[in-house]
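Here is a short note to read beside the model.

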Amino acid sequence: MSSEKIIMEKNLNLNLKVWRQKNASDKGKFEEYKVNDISTDMSFLEMFDVLNERLNNEGKDPVAFDHDCREGICGSCSMYINGRPHGPKQTTTCQLHMRSFNDGDTIVVEPWRAQPFPVIKDLVVDRSAFDRIISSGGFISVNTGNAQDANAIPIPKDAADESFAAAACIGCGACVAACKNASAMLFVSAKVSQLALLPQGMPERKKRVMEMVAQMDAEGFGACTNTGACSAECPKEISLSNIARMNREYIVAELSSDSK
Amino acid sequence: MTSSKIDSKIPEGNLEQKWTKYRSTVPLVNPANKRTLEIIIVGSGLAGASAAASLSELGYKVKVFCFQDSARRAHSIAAQGGINAAKNYQNDGDSTYRLFYDTIKGGDYRSREGNVYRLAEVSTSIIDQCVAIGVPFAREYGGLLSNRSFGGTQVQRTFYAAGQTGQQLLLGAYSGLQRQVGSGNVKMYARHEMLDVVTIEGVCRGIIARDLVTGKLERHFGHAVLLCSGGYGNAFFLSTNAMGSNVTAAWKAHKKGALFANPCFTQIHPTCIPVSGDHQSKLTLMSESLRNDGRIWVPKKQEDAKSLRENRIKPNDIKEEDRDYYLERRYPAFGNLVPRDVASRAAKERCDAGFGVNKTGEAVFLDFAFNTLRYGHIEATKKGIHNPNETQVIEMGRAVVKEKYGNLFDMYQQITGVNPYDQPMMIYPAVHYTMGGLWVDYNLMTNVPGLYALGEANFSDHGSNRLGASALMQGLADGYFVIPYTIGSYLSNEIRTKAIPTDHVAFAEAEQNVQSSIDKLFAIKGTKSVDYFHKKLGLIMWNKCGMARNEEGLKSAISEIQELRKQFWNEVRVPGSKDEFNPELEKAGRVADFLELGELMCKDALSRNESCGGHFREEYQTDEGEAMRDDENFKYVAAWEYMQGVNWELHKEDLIYDNIKIAARSYK
């Protein structure tokens with residue numbers, strides 16, 4: 001990360017346009033709120049805490065949003081901010097700080113927009129499609145207690161590092177939200193790559209990619225047209241090359257007779 | 001004397017044979033019967049997910065509940081540094097016994113020998129299992145696994161995946177869980193919160209859960225219920241826990257008769273990003289692994305500290321001879337890698353004495369400059385550069401540091417706006433983990449038959465202080481390698497119990513109770529938010545039941561909490577309705593439980609008239625300010641029984657040390 005100069009704390013007044021939707025069947029609409037005296041040291045979610053505390057005190061319904069770890073790893077905090085998943089920085093919403101905004105800014109906040117991620121309430125969406133994709137093949141079928149010694153199979157450091165880089169995916173869904181086709185290729189390919197790069201993943205290699213792609217399609221995610229918005233917005237910088245790898249894996253599996 | 005209410009069921013025989021012999025003799029359940037036995041698991045972190053996968057693989061019918069939108073988001077995901085295992089891959093003298101010994105000593109002699117030895121024994125199988133299911137641990141160029149050191153040990157036994165070890169281990173366990181979901185053996189209930197345990201004639205028979213999307217209450221039967229619901233650090237409001245982490249599942253079990261053990265044993269982690277203002281919603285950990293290469297210091301001179309606080313000088317302006325590397329000074333044998341409780345207290349001591357370095361006076365430096373240069377010189381030598389200039393050395397050194405801790409450095413910069421490659425990090429202790437939890441026997445069963453607690457939710461293995469990289473080890477040990485065996489000793493007697501229909505009166509009553517407490521919360525229609533009360537409770541706990549405690553403070557904390565609880569039930573406002581997705585309602589229920597637990601934590605701290613591990617009573621310290629244990633009177637587990645009207649009775653379990661000679665705990 002490049003060195004940034006220290007920005008001293010100051011306070012901001014902001015206009016928020018927030019998507020409010022009571023439940024899945026409600027049509028939903030934007031509502032406007034003013035928030036004042038927001039410290040630049042706050043995270044974006046802490047700014048929402050301030051808004052919610054106020055709404056609560058005014059006897060109004062707070063804005064529902066998903067959040068949990070607030071340290072950039074659980075993948076919960078799905079907010080589409082000013083037209084970008086997680087806002088202007090390539091990070092999660094919880095790690096986005098108000099020093100990225102200016103006094104007087106208008107900030108538009110929406111939920112992830114994708115057909116396979118239906119809205120539950122306000123900014124909260126249902127991402128269980130991702131779990132179903134993992135259930136279809138995103139694993140190595142080794143039961144507990146079967147394993148040999150952990151150092152029995154050496155794995156070249158480069159392969160292990162590359163596998164780890166793919167495994168760093170937090171399942172937030174920003175890739176889908178960023179994609180004009182609502183494609184989940186980056187998410188699926190990260191898991192396919194992680195396991196395809198490891199010798200332990202070899203036995204199920206072909207079956208895995210076929211079944212995960214089939215499930216991805218069944219969930220209604222769109223196709224990939226190589227725009228690269230997914231990777232550009234991914235808070236964990238998952239590389240587009242994973243999609244290329246998954247395409248290779250898929251072709252190999254498709255062409256070999258034993259996977260049919 | 002151990003109370004008659006308590007039977008720890010530690011197997012007879014010598015330490016090395018206990019678990020082996022137990023496994024060979026524990027009653028089994030045949031595969032056909034397993035298919036008819038139903039197990040409920042609450043929580044999908046390392047303990048819950050690994051238990052769910054393993055039990056389902058054995059053939060049991062499993063239901064898993066988590067309040068998050070996916071099992072993958074459980075807070076184990078945020079563990080950074082690593083997982084311990086006695087593999088001795090580094091040839092540095094590690095062994096099962098040494099891991100066992102380090103853990104008992106690290107816990108300041110307040111944990112059970114039998115449990116901890118078993119933990120050390122199964123630690124090696126965890127690493128094997130994780131590698132087999134595709135966890136991409138860090139490796140050396142030869143292709144074998146890499147290790148690093150953590151606090152309280154002198155060997156390198158910590159396995160890791162950059163600063164995201166918890167994430168990788170959880171995603172591994174989660175993939176095993178999802179495999180079972182996919183094959184129909186596990187039914188997953190995400191966005192569900194357990195709100196009560198159902199008991200019939202004193203035996204646990206199921207749970208009441210709320211569907212957090214629709215608000216509907218559900219009844220679920222189970223032959224056994226496993227609580228894998230994590231710790232209760234959020235009683236302090238500010239902690240490194242996730243926002244949703246809570247005590248509710250464990251607390252409901254406690255109120256149904258399960259004993260709660262050592263509630264005051266809280267781990268305050270020494271290296272967290274300091275509080276920046278009143279808006280703060282949570283604190284962020286900087287992994288203990290950083291203490292491998294980061295040196296902790298404050299200025300030697302108070303006037304330098306003052307200038308730093310007033311932003312008149314920069315840390316790098318302070319000359320080497322004017323810096324106090326106080327951990328290296330006080331604890332030369334372990335230096336910066338002393339255990340967490342020791343490091344936290346030492347930081348507090350320096351800051352209280354006026355040497356704090358940020359605007360609040362509550363921060364110390366964690367400085368990588370020395371080791372950056374060291375690595376730079378090593379790299380230069382490797383590359384055959386004989387007279388590298390300083391810029392080259394720093395550049396090469398930073399590359400090494402980035403490779404090891406890059407994601408942590410990025411996180412620090414995002415949160416603070418300061419680049420830690422240029423300037424030392426500022427850190428301060430924060431609540432991180434709770435060693436206390438539901439009392440369990442050797443089988444991980446609470447005193448309520450059929451009700452188990454695994455992982456951080458139980459009290460069993462870490463005594464009064466947990467060593468770094470041991471939480472992941474315990475969570476996965478419990479789930480992968482302990483419960484699959486120990487649950488057989490109970491379920492083998494349950495094969496004739498048919499699934500109890502959930503229209504049974506016990507289920508109806510439990511659901512009714514949950515319903516009325518929800519109705520009661522809405523009926524208050526007060527004026528103050530849930531967070532208002534949570535923050536107040538947090539301040540009381542931090543100031544009076546935090547890093548240092550004393551009799552007077554604890555007594556006043558107890559009455560303040562009682563008062564706050566009363567105020568909560570008269571003045572809280574819960575917006576919205578019960579039949580919808582309502583995060584404020586969820587929080588209200590959790591804070592109501594914290595308001596009871598907080599009192600018990602203070603009571604426990606007040607009754608333990610000694611200092612041990614994370615429990616530091618100011619009245620009981622040596623002349624050098626070290627914790628002073630009282631083995632004569634307090635070598636026991638304090639197991640509290642809930643009585644009517646928010647009251648408790650204490651039961652004691654004596655701790656017996658047959659193999660370890662207990663001694664003053666020294667890291668000097």
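1. Some terms come first. Two strands pair if DSSP finds at least two bridges between them. Helices (H or I, at least four residues) and strands (E, at least two) are DSSP runs, numbered from the N terminus. With that in hand, look at Tyr636(B): Asp654(B) in β19(B) stands opposite Tyr636(B).

2. A word on the source. This is a predicted model, where local features need pLDDT of at least 70 and side-chain atom pairs count only at pLDDT 80 or more, while totals for chains, interfaces and linings use all residues. Residues are numbered from 1 along each chain as its sequence is written, and chains are lettered from A and ligands numbered from 1 in the order in which they are written.

3. The open sheet of chain B. Its four strands follow the order β16-β10-β18-β19, with antiparallel pairing. β16 (437-438) and β19 (647-654) of chain B stand at the edges; each has a single partner strand, so one side of each lacks a neighbour in the sheet. Eight bridges join β18 (residues 636-643) of chain B to β19(B), in the antiparallel sense.

4. A helix over that sheet. α17(B) lies across β10 (260-261), β18 and β19 of chain B. It runs at about 140° to β18(B). Here axes are lines fitted to C-alpha atoms, for helices over the stretch in contact, and angles run from 0 to 180 degrees between N-to-C directions.

5. Chain A. It has eight helices and seven strands. Its C-alpha atoms fill a box of roughly 65 × 45 × 40 Å along the principal axes. Of its 260 residues, 50% are buried (20 or more other C-beta atoms within 10 Å of the residue's own, with C-beta atoms placed from the backbone).

6. Strand β1 of chain A. β1 (residues 11-20) and β2 (residues 29-39) of chain A pair in the antiparallel sense over nine bridges. Leu12(A) has Ile38(A) as its bridge partner in β2(A). β1(A) also runs parallel to β5 (residues 106-110) of chain A, with four bridges. There, Lys17(A) is partnered by Val108(A).

7. Helix α6(B). It has 18 residues and reaches 25 Å from its first C-alpha to its last, close to the expected 26 Å (1.5 Å times one less than its number of residues). Is α6(B) buried or exposed? 18 of its 18 residues are buried, so α6(B) is largely enclosed by the rest of the structure. Gly184(B) follows α6(B), with a positive phi near 85°.

8. Where the chains meet. The contact takes 72 residues from chain A and 69 residues from chain B (residues are in contact if their C-beta atoms, placed from the backbone, lie within 7 Å). On the side of chain B that touches chain A, α6(B) gives the most, with nine residues. By class, that side has 27 nonpolar, 27 polar and 15 charged residues. Ala, Val, Leu, Ile, Met, Phe, Trp, Tyr, Cys and Pro count as nonpolar, Asp, Glu, Lys and Arg as charged, and the others, Gly among them, as polar.

9. Domains of chain B. An automatic or database domain assignment gives the bounds: domain 1 (270-431) and domain 2 (504-634). Their C-alpha centres lie 34 Å apart. Six residues of domain 1 of chain B are in contact with six residues of domain 2 of chain B. On the domain 1 side, helix α10 (residues 340-355) of chain B gives the most, with five residues.

Key. Two residues are in contact if their C-beta atoms, placed from the backbone, lie within 7 Å. A residue is buried if 20 or more other C-beta atoms lie within 10 Å of its own, exposed if 12 or fewer, and partly exposed in between; C-beta atoms are placed from the backbone.
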